[in-house]
Amino acid sequence: MKNSRLQNAGFWLIAVILTIAFAYYQRISGPTYPIKNKVTIDNQEIKYKLLRTWGGEKDATLEFETPTSITGELTYKRYKSNDDWTIIPLIRNDNKLTATLPHQPPAGKIIYQITLLSGNSKYVLSKEPVVIRFKGDVPTVVLILHIIFIFGAMLLTIRTAFEAIFRQKNIFLFTKVTLFFWLVGGMIFGPIMQEYAFGAFWTGWPFGHDLTDNKTLVALIFWIIAYFKLRKDPSNRTWPIIAAVVMLAVFFIPHSVLGSEIDYTQLPK
């Protein structure tokens with residue numbers, strides 16, 4: 001009995017550690033995580049952050065803490081548009097240079113590049129122009145519940161896999177709870193978040209190619225299959241393991257890849 005409890009505690013501990021690792025990976029990967037780096041100008045190290053997502057109804061604000069001797073400029077245009085590039089100077093505000101990118105409707109994008117200037121020297125802060133996507137505000141409670149259920153499903157997925165691999169007796173129970181968490185987090189709160197952020201509940205198959213929606217759907221299908229296989233045969237170990245592997249593969253795909261975006265070239269002028 002004692003060994004069983006220790007093993008169970010070990011399973012949960014490993015599941016928690018792996019879930020935290022996956023959460024961190026999802027946080028820092030994908031096209032919405034800001035580009036952070038540093039540049040040395042006049043023997044001074046300047047750290048900077050280039051935003052790649054912006055929520056709300058205001059213009060996107062870019063700030064760079066620099067010595068007062070440094071100036072800069074912002075070059076930008078709407079992404080996937082026939083616009084000409086716009087170049088504006090960065091505005092000095094005490095020890096910061098600031099610039100704003102004009103607000104876009106949800107899923108609208110701007111491509112931009114920041115250049116810092118010191119004397120006759122230019123320092124471009126990114127090798128390639130950066131793309132920033134605009135989105136609407138998502139209520140905090142919706143965001144929190146989405147995160148709780150999504151990563152709760154990840155935690156339960158790993159725990160279900162251990163249950164199946166080591167021939168434990170609660171495979172069906174863990175599968176049911178995992179399916180519930182994924183259904184609520186991915187197929188209820190996920191679309192609600194997307195509606196607030198981008199004005200559409202679902203942009204995956206068959207209506208679009210949003211990879212986040214599609215990978216959520218694929219994982220759900222495998223958990224549904226595992227559920228019905230286990231309902232017929234509670235000792236089945238193969239399908240919960242397959243569903244767990246699919247779920248892990250889903251979490252290896254960075255968040256928001258192939259997400260919603262406006263193609264301004266297709267809109268009337």
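Residues are numbered from 1 along each chain as its sequence is written, and side-chain values use heavy atoms, with hydrogens and water left out. Because the model is predicted, local features need pLDDT of at least 70 and side-chain atom pairs count only at pLDDT 80 or more, while totals for chains, interfaces and linings use all residues.

Let's begin with strand β4, residues 60-65; strands here are DSSP runs (E, at least two residues), helices likewise (H or I, at least four), numbered from the N terminus. Ala 60, Leu 62 and Phe 64 make up the covered face of β4, and Thr 61, Glu 63 and Glu 65 the uncovered one. Strand β8 (residues 96-101) runs antiparallel to β4, joined by 6 bridges; two strands pair if DSSP finds at least two bridges between them. Across from Thr 61 you will find Thr 100 in β8.

Now to the rings. The structure holds 16 aromatic pairs, meaning Phe, Tyr or Trp rings (the six-membered one for Trp) with centres within 6.5 Å; planes under 30 degrees apart are stacked, over 60 edge-to-face, the rest tilted. Trp 182 and Phe 251 form a tilted pair, 5.9 Å centre to centre with 50° between the planes. Trp 182 lies in helix α3 (residues 171-198) and Phe 251 in helix α5 (residues 238-252), 69 residues apart. Trp 182 is buried at 3% relative accessible area, and Phe 251 is buried at 4%; buried means under 20%, exposed over 50%, partly exposed in between (1.4 Å probe, protein chains only). Ring pairs also link Phe 22, Tyr 25, Phe 151, Trp 182, Phe 251 and Phe 252 into a cluster.
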